[in-house]
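Dear colleague,

Please find the sequence and structure below, handed over for your study.

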Amino acid sequence: MTTPFESHSGPGRGLTRELIEIVFPMFEQASAGAIAVDKDSRITWINSRYAKLLGLTDTHGVIGRPVLSVIPHSRMPEVVDSGRPLLLDIMEYHSQQLVVTRLPFFNDEGQISGAVAFVLFDDLQPLTPLVSKYRSLHKDLLAAKRALAKTGRSTRYQLGDFIGASPSVLEVKRRTRLAAGREIPVLLLGETGTGKEVLAQSLHALSARMEGPFVGVNVAAIPENLLEAEFFGVAPGAFTGADKRMREGKFQRAQGGTLFLDEVGDMPLGLQAKLLRALQEREIEPLGSNQIIPIDVRVIAATSRDLTAMVADGSFRSDLYYRLNVLEIQIPPLRERPADIGILCEFLLEDICSGHERTEITDAAVKLLSQHSWPGNVRELRNVLERAFTMSEGAEVLDIATLHRVLPEAVLPIAQGVEPQRADVEHLLPVSPSNDTLPTQGVVRPLAEVLAQAEAEAIRAALAQCQNNRSQAARLLGISRSVFYDKLARLTCLS
Ligand SMILES: Nc1ncnc2c1ncn2[C@@H]1O[C@H](COP(=O)(O)OP(=O)(O)OP(=O)(O)O)[C@@H](O)[C@H]1O
């Protein structure tokens, strides 16, 4: 028979031709598959049993291809690089676990020529004790990784956490899955609270970078003079008072993973130029250093602002816009998908009530909520439900009467126009026998509530006047950008 070693003969270091010729046919026959690669880890030979095991239909088509492109978890490159065998290893291939042995081989001069691998077992039955130990360790490792993800720079959300069944949400999910399979920049567009961060995290968790870090940076929340350091890091002793150690920037922290640039529309022009350079060159230079650091980061950007209008008026660079916007995902505001409010209430209440008795919401109450315009979108809905849950002291059922009792009028502007349904009337009776107990105009409200409402209105008006430009809105209100953002984020009920 022919072997993959025909051209490598003579006494060299490691396996000699004579030895190979004795050993190889026995291993090849006894194993569940065999493969050989050259010194560049490209496949030079594969037997039909291994091809079948891997599910390859075109055995010849893989000859010459890098082994990792055919068997992603192969450690053949390691054997070729080190010249050392890996006598026993368990390799994952799709859902199979294969026990493999890998041996390097050498030419006459003792230089590495390639490596050969044998699948010793494709059925792990004979190795049950060893394998069950391996599986249990593997399970522990996955659990540890998940726990770490919750505390570290990894993601909290999966695509299943992005709730909604309306056609526009299904399209958002379809595009997210599409984007996850490709290494392309993605731009998420949507009003505040529509779930841009939820989606960015889900995309990362679905992508090939899922094991890498997910690092988010909110451009609007960082004072302008600190932005560059936040992005690119600071060299040791770069300026007076600077740290003696290197301070990593977000790009460095996101190495091998995903960098989420939230509110990218709020980025000053100077930094836009630097970001563009970093993305084009795939390298950064920390502040105060002349050291160039290569970066391997996928960027997902998001904004609630109209970037095309900003490009037109020159406040956002068109070259950066096109660089970031290879695939655009437009997330619809909640008011355009009122049909999703019911399912969102279900999901959000489940989360809000965790650890308490479950609170249900009636259909009529959902209908009432559907008539609000939800400028703060799902975040606002969550806050409203949280408030309703707390103020009603964990009521078993949120019905129209309860909502009227505990929510500010601005959230329920047209309450009188909503006919209570039978279920609501039933829930309503024990609580309040008539609509007379519902709050009416002119009732004195707590000062904190009045102030919060005035603040919310001022913020909304400022945002409207500045077309959602948060920096300008903050200036208009006479507060700093970070204080402004903080208030925006904490705005409960936006009323
Ligand atoms: N479709 C959704 N399904 C479930 N929860 C959602 C959805 N959209 C948003 N949320 C919830 O709303 C809140 C705000 O979401 P997120 O921070 O992702 O919004 P955002 O668009 O990034 O907001 P901003 O622009 O203000 O940063 C979070 O609590 C998130 O869990």
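In this predicted model, helix 6, which spans residues 167-180, packs against helix 7, which spans residues 196-206, at an angle of about 40°. Their axes are 8 Å apart. An angle between 35 and 65 degrees counts as oblique, and helix 6 and helix 7 are therefore oblique to each other. The crossing in which helix 6 passes helix 7 is right-handed. On the side of helix 6, the residues that meet helix 7 are Thr 176, Arg 177, Ala 179 and Ala 180. Helix 7 contributes Leu 199, Ser 202, Leu 203 and Leu 206. Sorted by class, the residues of this contact of helix 6 with helix 7 are five nonpolar, two polar and one charged.

Helix 15 in turn packs against helix 13, which covers residues 341-352. The axes of helix 13 and helix 15 come within 10 Å and cross at roughly 55°, which makes helix 13 oblique to helix 15. Helix 13 passes helix 15 in a right-handed crossing. From helix 13, the contact takes Leu 344, Cys 345, Leu 348, Leu 349 and Ile 352. From helix 15, Val 378, Leu 381, Arg 382, Leu 385, Glu 386 and Phe 389 take part. The contact of helix 13 with helix 15 has nine nonpolar residues, two charged residues and no polar ones.

A further pair is formed by helix 18 (residues 447-465) and helix 19 (residues 470-477), whose axes come within 8 Å and cross at roughly 125°. Helix 18 and helix 19 are therefore oblique to each other, and their crossing is right-handed. Ala 458, Ala 462, Leu 463 and Gln 465 of helix 18 make the contact with Ala 473, Leu 476 and Leu 477 of helix 19. By class, this contact of helix 18 with helix 19 has six nonpolar residues, one polar residue and no charged ones.

With kind regards

Definitions and conventions. Residues are numbered from 1 along each chain as its sequence is written. This is a predicted model: local features need pLDDT of at least 70, side-chain atom pairs count only at pLDDT 80 or more; totals for chains, interfaces and linings use all residues. Axes are lines fitted to C-alpha atoms, for helices over the stretch in contact, and angles run from 0 to 180 degrees between N-to-C directions. Helices (H or I, at least four residues) and strands (E, at least two) are DSSP runs, numbered from the N terminus. Angles under 35 degrees count as roughly parallel, over 145 as roughly antiparallel, 65 to 115 as roughly perpendicular and the rest as oblique. A crossing is left-handed if the near helix is turned anticlockwise from the far one by less than a right angle, and right-handed if clockwise. Two residues are in contact if their C-beta atoms, placed from the backbone, lie within 7 Å. Ala, Val, Leu, Ile, Met, Phe, Trp, Tyr, Cys and Pro count as nonpolar, Asp, Glu, Lys and Arg as charged, and the others, Gly among them, as polar.
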